[in-house]
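Visitor: I have a few questions about this one. Can we go through some helices and a loop?
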Amino acid sequence: MFIHELHVVLVHGKSWRSERRTARGFQSSNMSLYRNSAWFLKGVTEFTRNAFLSASKRFVEKDLEVSVAGRSFMITGANSGIGKATAMAIAKRGGTIHMVCRNKDKAEEARADIVKETGNKEVYVHILDLSETKKVWEFAEGFKRKYKSLNVLINNAGAIMSQRDLNAEGLEKSFATNVLGVYILTKSLIPLLEKSVDPRVITVSSGGMLVQKLRTGNLQSERGRYDGTMVYAQHKRQQVVMTEQLAKTHTNIHFSVMHPGWVDTPVANAMPDFHQSMKDSLRTPEQGADTVVWLSVSEAAVKNPSGRFYQDRKMVSTHLPLAWTHSSPLEEQKLMSVLEDLAKTFQSH
């Protein structure tokens, strides 16, 4: 869930080394301005609360009139916002919930709310900070030893940082959380998913990724000024590419990635100016979670091809028109190779 302020990129008069570099700078800035303007206009018409209410008129109610008793769902970041709303909705339908959360007190409080409201006691808390790379491996391997099946993995947890910070392994924290942690958790749990009935993986991305082209040359945000919102948007683009690639290699699992719209959650509060100006138009966590729940439990969702991007229960494009955000197959493969190599580096043996 990503809410982004409209960034107007200005090219200041500087002494460039060559006219060619100047032209390239203006071209890049104009493209950034176009992407951000097009994205904001799209957001105003498609990502708001009213846009959800409008879209919901075409929803098929019976899609969610299902029982998922006996099926298990792992949800990261399940103690608040979209994650908690997703857990609540699936628990109401009888699903076994595995809440993967960073803060034990908040997680237990959320679990108590879910059990009280749904009457479903099959709700379990697991404590994990996705930014701690080695611990992600350890958690996933431990989970596979303890549990016989996992039907659905929902990668919801995310981090937006105001400044560059490193984890214990020396990795940039938001990359470790949003990208590498998601990759390791998903890859490690694939064997368990594959031997379960109707396995699915849903990743909560963001429409913010529409302003970003995949870039694999600065994954740790070591170069240039650190802009947390843009770093987050790049990570959300990487999640989309990751989903597309995993869908190709693991064809018996249904992968999907989605944008929940502009939602009033803790991540939204990380951008106070935008939150203040748009607060009356933001979706509720339940509205933001609707498509996650639909992708997780409905029969209709898995009739669509694996690896697609969704908004309001509908497959949508992963690119804005004329925004030049397409990446080459080579670049996409490079991302997967780098993630695989990094993941192996921190794998417990």
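Visitor: Where is the kink in α10 centred?
Guide: On Thr291, and the kink is about 30 degrees. Bear in mind that this is a predicted model.

Visitor: How many residues of α10 are buried?
Guide: 11 of its 13, so α10 is mostly covered given that buried means under 20% relative accessible area.

Visitor: What comes after it? Where does Ala301 sit?
Guide: Ala301 is in the loop between α10 and β7, the latter being residues 308-311.

Visitor: Buried or exposed?
Guide: Ala301 is buried, because its relative accessible area is 0%.

Visitor: Which residues does Ala301 touch?
Guide: Leaving out residues up to four places away in sequence, Ala301 touches Arg200, His254, Trp294, Leu295 and Tyr310.

Visitor: Change of topic: α6. Where does α6 bend?
Guide: At Leu180, by about 40 degrees. The 22 residues of α6 should span 32 Å at 1.5 Å a residue, and its end C-alpha atoms are 30 Å apart, which agrees.

Visitor: Why call α6 largely enclosed?
Guide: Because 18 of its 22 residues are buried.

Visitor: How do α5 and α6 pack?
Guide: Helix α5 (residues 133-146) and helix α6 (residues 173-194) pack at about 20 degrees, with axes 9 Å apart. That angle makes α5 roughly parallel to α6. Their crossing is right-handed. From α5 the contact includes Val136, Trp137, Phe139 and Phe143, and from α6 it includes Leu180, Ile184, Leu185 and Leu189.

Visitor: And α11, at what angle do the axes of α6 and α11 cross?
Guide: Roughly 80 degrees, and the axes come within 10 Å; α11 is residues 329-345. The two helices are therefore roughly perpendicular to each other.

Visitor: Which residues meet there?
Guide: In α6, Phe175, Val179, Leu180, Tyr183, Ile184 and Lys187; in α11, Met336, Leu339, Glu340, Leu342 and Ala343. Leu180 and Ile184 also take part in the contact with α5, and Leu180 is where α6 bends.

Methods
Residues numbered from 1 in each chain as written. Predicted model: local features only at pLDDT ≥ 70, side-chain atom pairs only at ≥ 80, totals over all residues. Heavy atoms only, no water. Bend = angle between axes of the 7 residues up to and from the residue. Helix = DSSP H or I, 4+ residues; strand = E, 2+ residues; numbered from the N terminus. Buried < 20%, exposed > 50% of the residue type's maximum accessible area, 1.4 Å probe, protein only. Axes fitted to C-alpha atoms, helices over the stretch in contact; angles between N-to-C directions. Parallel < 35°, antiparallel > 145°, perpendicular 65-115°, else oblique. Left-handed = near helix turned anticlockwise from the far one by under 90°. Contact = heavy atoms within 4.5 Å. Expected span 1.5 Å × (residues − 1).
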